[in-house]
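Trainee: I have not looked at this structure before. Could we go through it in questions and answers?

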Amino acid sequence: MIEVENVSKRFGNFAALDQVSLRVAQGKLVALLGPSGSGKTTLLRILAGLEQPDDGRIRLGGIDATGLGTRDRKVGFVFQHYALFRHMTVAENIAFGLKVRKGANRPSKAAITEKVHTLLELVQLEGLAGRYPSQLSGGQRQRVALARALAVEPRLLLLDEPFGALDAQVRKDLRRWLRHLHDEMGLTGVFVTHDQEEALEVADEVVVMNKGRIEQIGTPAEIYDSPATPFVYRFLGNVNAVACRVAGGQAQVGGLHIGEGRADGPGTAFIRPHDVEVLELSPDLPQARVRQVVVLGPVVRAELELAGGVTVEAELSRDIKDKLGLRRGLEVSVFLRKARVFVGENV
Ligand SMILES: Nc1ncnc2c1ncn2[C@@H]1O[C@H](COP(=O)(O)OP(=O)(O)OP(=O)(O)O)[C@@H](O)[C@H]1O
């Protein structure tokens, strides 16, 4: 269990982390997700013991680790540009953390060889033990870096944009691979990413950060389906943000009832494109005019103009597009399956 309690960190006048609290249960893989500068790396470095918080505490496995150095925390880490030792082979790189141990803590030569072999198998690089880093691809290097971090059996694995520098396909393969590896080893892991797809696909839990604060913590489904704040709505996935007015608890846009608001006044309604249902024109439902239709493989995006000139994007299947004969200029009806209204100016 990792516990972060009210951690704050300032750099000069700038608050990189502002009263951050977080709990990660044993064996979970957690993503710290947020835009550049939101404090993800700072939090990771504080967990690693590479940086000290100005305020707050870090507990690892129930023990106060706030003042402990990196070595005593038993963490392993992999950074985006974490260079392998260039003059060492793959096997030597992986063995490094064990070889530098002192006295009785250092395993025997045979035990180290055995361990390196097991790790090479795990990261599927059995044949490459004798190669130097310059003779590996980017993805292979990252896997060696992971094996090196795992060699010392960390109780916590910290990864900072581990696949950031790699091309899209390799990234995808490594993500799946990391997920499997994690499931097999039962480690607790925290990784930093600014890629929402990566966070949603790989993590058990996602921590969404913004300006040094946590906006929301939840499973990928919770974060995507029930964003707690406008920021999370905008940051995770495509969303229609429509200015509306709330009166008597009901939010309206150009005469169309769009959802419920908690208080009266101006607000913004957030609607995911796949929650905008497009139907044949019906007198009982609000009307819209199709402004554009784009086919993206199996998915179709349609831009719809509602009454009052408000435009929303709908996402539908190709079958539905064909059934409706969807094309520019067509009059259709719309039904909003789900909308969430946040009341206030500039949300
Ligand atoms: N050593 C430092 N000195 C001064 N400012 C720093 C230092 N480290 C980080 N910062 C600032 O703190 C803020 C948070 O940085 P951090 O690296 O944690 O963000 P991040 O979310 O990881 O961003 P990125 O995705 O760009 O890596 C940034 O505005 C950064 O400029």
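Trainee: At roughly what angle do the axes of helix α3 and helix α5 cross?

Mentor: Keep in mind that this is a predicted model. Helix α3 covers residues 90–99 and helix α5 covers residues 138–151. Their axes come within 7 Å, and the crossing angle is roughly 25°.

Trainee: How are α3 and α5 oriented to each other, and what is the handedness of the crossing?

Mentor: The axes cross at roughly 25°. Angles under 35 degrees count as roughly parallel, and α3 and α5 are therefore roughly parallel to each other. As for the handedness, α3 passes α5 in a crossing that is right-handed.

Trainee: How are α4 and α5 oriented to each other?

Mentor: Helix α4, residues 109–122, packs with α5 at an angle of about 135°, and the axes are 10 Å apart. α4 passes α5 in a right-handed crossing. With that angle of about 135°, the orientation of α4 and α5 is therefore oblique.

Trainee: What about α3 and α4: at roughly what angle do their axes cross, and how is α3 oriented to α4?

Mentor: The axes of α3 and α4 come within 10 Å, crossing at roughly 130°. That makes the orientation of α3 to α4 oblique. The handedness of the crossing of α3 and α4 is right-handed.

Trainee: Which residue in β8 is the bridge partner of D160?

Mentor: Strand β7 spans residues 156–160, and strand β8 spans residues 188–193. The two run parallel and are joined by five bridges. In β8, D160 has as its bridge partner V192.

Trainee: Which strands are at the edges of the open sheet of five strands, and what is its average twist?

Mentor: Here the pairing is antiparallel, with the order β15-β19-β16-β17-β18. The edge strands, each pairing on one side only, are β15 (276–279) and β18 (311–317). From one strand to the next, the twist averages 45°.

Trainee: Which residue in β17 is the bridge partner of L296?

Mentor: Strand β16, residues 287–296, and strand β17, residues 299–306, run antiparallel and are joined by eight bridges. The bridge partner of L296 in β17 is V299.

Trainee: Which helix gives the largest share of the shell around the ligand?

Mentor: Residues surrounding the ligand include F11, A16, S36, K40, T41, T42 and H194. By class, the shell has two nonpolar, eight polar and one charged residues. The largest share, three residues, comes from residues 40–48, that is, helix α1.

Trainee: How far apart do the C-alpha centres of domain 1 and domain 2 lie?

Mentor: The protein is divided into two parts: domain 1 covers 2–227, and domain 2 covers 238–343. Their C-alpha centres lie apart by 41 Å.

Definitions and conventions
Residues are numbered from 1 along each chain as its sequence is written. This is a predicted model: local features need pLDDT of at least 70, side-chain atom pairs count only at pLDDT 80 or more; totals for chains, interfaces and linings use all residues. A residue is near a molecule or strand if its C-beta atom, placed from the backbone, lies within 6 Å of it. Helices (H or I, at least four residues) and strands (E, at least two) are DSSP runs, numbered from the N terminus. Ala, Val, Leu, Ile, Met, Phe, Trp, Tyr, Cys and Pro count as nonpolar, Asp, Glu, Lys and Arg as charged, and the others, Gly among them, as polar. Domain bounds come from an automatic or database domain assignment. Two strands pair if DSSP finds at least two bridges between them. Axes are lines fitted to C-alpha atoms, for helices over the stretch in contact, and angles run from 0 to 180 degrees between N-to-C directions. Angles under 35 degrees count as roughly parallel, over 145 as roughly antiparallel, 65 to 115 as roughly perpendicular and the rest as oblique. A crossing is left-handed if the near helix is turned anticlockwise from the far one by less than a right angle, and right-handed if clockwise.
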